[in-house]
Amino acid sequence: MPIYEFWCKVCDEVFERLVFQDGELIRCPNCKGSEIEKIISAPSIKINEDVASKRIRKRLNYYLKAGKLKDAKSFIEKASSYVKTDAVKRMADKVHSLSNRKGSVR
Ligand SMILES: [Zn+2]
């Protein structure tokens, strides 16, 4: 059974959940909201690289927006080993320059 990662649009919570069937109503464990978006985990990226790049960008933006630079960095490092597109490479460069600029962040 697949475990998916979800992002709550209401409170920005990211959580993992086992999904038993498609179309199952997922609620945020934090705010109980149902404005949930599925985000793809890096290891399961195998589809169309353009789609994958967009999803990576989306998730990366989530981390950056939340100020989770360390998470962003480990995510993009993992992602760039699975999806080798220029877009992903540029994102990785951006994250690295951000983390260099900020010095040691958590
Ligand atoms: Zn929520």
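This is a predicted model: local features need pLDDT of at least 70, side-chain atom pairs count only at pLDDT 80 or more; totals for chains, interfaces and linings use all residues.
Two strands pair if DSSP finds at least two bridges between them.

**Whole chain**

Show the chain as a cartoon. Its secondary structure comes to three helices and three strands. Starting from the N terminus, the order is β-β-β-α-α-α. Now colour by confidence. The mean pLDDT is 82, and 85% of the residues reach 70 or more. Among the elements, β1 has the lowest mean pLDDT, 82, while α2 has the highest, 90. Of the 106 residues, 16% count as buried.

**The strands**

Select residues 3-8, strand β1. Move to Trp7, which stands opposite Val14 in β2.

Next, follow the turn of this hairpin. Five residues lie between the strands, and Asp12 takes a positive phi near 70 degrees.

Select Cys8 to see one of them: in β3, the bridge partner of Cys8 is Ile36.

**Helix α1**

Select residues 49-65, helix α1. This helix has 17 residues and reaches 24 Å from its first C-alpha to its last, close to the 24 Å expected at 1.5 Å a residue. Show the side chains of Ala52, Ser53, Ile56, Arg59 and Leu60, which are buried. Then look down the axis of α1. The buried residues fall within an arc of 135 degrees, so they line one face of the helix.

Which exposed residues does the face of α1 turned away from its buried side carry? Select Asp50, Val51, Lys54, Asn61 and Lys65 to see them.

Step just past the end of α1 to Gly67. Here phi is positive, about 75 degrees.

**The core**

Select Ala52, Ile56, Leu60, Ala72, Phe75, Ile76, Ala79, Val83, Val88, Met91, Ala92 and Val95. These 12 residues make up the largest nonpolar core. The elements that give two or more residues to this core are α1, α2 (69-82) and α3 (86-102).

Centre the view on Ile76. Leaving aside residues up to four places away in sequence, Ile76 touches Leu60, Met91, Ala92 and Val95.

Then go to Val83, in the loop between α2 and α3. Is Val83 buried or exposed? Val83 counts as buried because 22 C-beta neighbours lie inside 10 Å, and the cut-off is 20 or more. Draw a distance from the C-alpha of Val83 to that of Ala52. The two residues are 31 apart along the chain, and these atoms are separated by 7.3 Å.

**Helix α3**

Stay with the helices and select Lys94, in α3. Lys94 has 14 C-beta neighbours inside 10 Å, so this residue counts as partly exposed. Lys94 and Lys73 are 21 residues apart in sequence and 9.7 Å apart in space, C-alpha to C-alpha.

**Last view**

Return to the whole chain and consider its contacts. Among those between residues at least 6 apart in sequence, 44% join residues at least 24 apart.

Technical notes: Residues are numbered from 1 along each chain as its sequence is written. A nonpolar core is a set of buried Ala, Val, Leu, Ile, Met, Phe, Trp, Tyr and Cys residues joined through C-beta atoms within 7 Å. Helices (H or I, at least four residues) and strands (E, at least two) are DSSP runs, numbered from the N terminus. Two residues are in contact if their C-beta atoms, placed from the backbone, lie within 7 Å. The expected span of a helix is 1.5 Å times one less than its number of residues. The arc is that of the directions from the helix axis to the C-beta atoms. pLDDT is the predictor's confidence in each residue, from 0 to 100.
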